[in-house]
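Keep the viewer open as you read.

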Amino acid sequence: MVEKLIAVKGMNDILPPASAGWEALEATVRALMARYAYRNIRTPIVEPTALFVRGLGEVTDIVEKEMYSFEDRLNGEALTLRPENTAGVVRAVAEHNLLYEGGKRLYYMGPMFRHERPQRGRYRQFHQIGAEALGFAGAEVDAEIILLAHALWQELGLKDVRLELNSLGEPAERQLHRTALIGYLEANLDQLDEEARRRLHSNPLRILDTKNPKMQALVDGAPRLMDFLGKASLTHFDSVTALLDASGLTYRINPRLVRGMDYYNLTVFEFITESLGAQGTICGGGRYDYLIEQVGGKAAPAVGWALGVERVLELIKEQGQA
């Protein structure tokens, strides 16, 4: 008997009739992106490992634990299956000098890969749809891209999707906050779990994103980054919220929202639902004004988001829209 081969755990076949839901979502996205003048970009699934180490940050869950990385046996190159696509889009924009004639609005769809325990709406091969506005510095573009995601929820008929916002400020402001945060955490060392102790001096901001219920009181009492922001950062954030207010979009300011990648600055945001249990974030993003320079391009501002396709389809099914 020949052994029957099956798919890798957490990497799923998408079969009819379920594939029709994927096609419908993709068609809705394409039509919406065209109305907002976002154009399609397609980047390789395999990228240099250094792109993600440099862009996402060495002390992040993705780089430390979740990447599918390997050495090319032909030439010894260190390569990685993309765990997200913002870094790849930025690499392509820098490599091909796409901002030479001005800012670009781009979107993508495709598979990403992370080595983690498969669970509802979270798989080793998963799919994202993302929008990136590169070369635009103003708060109005932050608001635009947030409203773009909100427009998609409306197109899909999704309800009870809430928006949470925060500002991470600029690097110098985060450094002041980092010093104060480390001092606070060191004074409460006995309350830190093993993961928090490991990150105390390498990436203390991520400790604020802990899911450990025993540390929530400690986190709630920690110095708030918002209190360390200067006038320019606060003005930018106030402008974003004013534009959202004028658009009638409700939101909650969450001072503990940090996101999982190191490349973010100023505005960060997430769209969250209570309908999917623990995996409630269906879309997240923010501004990343320094990433293009970090991957070797000419410095340029940028902002974007990515949504989890499997989670959005699960929410569509949960709310009876399919």
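Arg162 and Glu164 are joined by a salt bridge, with their closest N and O atoms 3.2 Å apart. The term salt bridge is used here for a side-chain nitrogen of Lys or Arg within 4 Å of a carboxyl oxygen of Asp or Glu. Arg162 has a relative accessible area of 33%, so it is partly exposed, while Glu164 is buried because its value is 3%. For these labels, buried means under 20% relative accessible area, exposed means over 50%, and partly exposed lies in between, using a 1.4 Å probe and protein chains only.

Arg162 also meets the side chain of Glu274 in a salt bridge, at 2.3 Å from N to O. This pair links distant parts of the chain, 112 residues apart: Glu274 lies in the loop between strand S9 (265-273) and strand S10 (281-287), and Arg162 in strand S7 (residues 161-167). With 60% relative accessibility, Glu274 counts as exposed. Through shared partners, salt bridges join Arg162, Glu164, Arg252 and Glu274 into one network.

## How to read the model

This is a predicted model, in which local features need pLDDT of at least 70 and side-chain atom pairs count only at pLDDT 80 or more, whereas totals for chains, interfaces and linings use all residues. Residues are numbered from 1 along each chain as its sequence is written, and side-chain values use heavy atoms, with hydrogens and water left out.

Helices (H or I, at least four residues) and strands (E, at least two) are DSSP runs, numbered from the N terminus.

How many salt bridges does the structure hold? The count is 12. One of them pairs Arg35 with Glu155, whose closest N and O atoms are 2.8 Å apart. Here too, distant parts of the chain are linked: Arg35 is in helix H1 (residues 18-35) and Glu155 is in helix H5 (residues 139-156), 120 residues apart. Arg35 counts as exposed at 52% relative accessibility, and Glu155 counts as partly exposed at 44%.

Three strands make an open sheet in the order S2-S4-S3, with antiparallel pairing. Its edge strands, S2 (46-48) and S3 (68-71), each pair on one side only. Two strands pair if DSSP finds at least two bridges between them; S3 and S4 (residues 78-81) are joined by four. Across from Ala78 in S4 stands Glu71.

Helix H2 (residues 49-56) packs on the sheet and touches S2, S3 and S4 (contact means heavy atoms within 4.5 Å). The direction of H2 makes about 70° with that of S2. Such axes are lines fitted to C-alpha atoms, for helices over the stretch in contact, and angles run from 0 to 180 degrees between N-to-C directions.

## Aromatic rings

The structure holds four aromatic pairs. One of them, Phe269 with Phe271, is edge-to-face, at 6.4 Å centre to centre and 80° between the planes. Rings of Phe, Tyr and Trp (its six-membered ring) pair if their centres lie within 6.5 Å; planes under 30 degrees apart count as stacked, over 60 as edge-to-face and the rest as tilted. Phe269 and Phe271 are both buried, and together with Trp153 they form one aromatic cluster.
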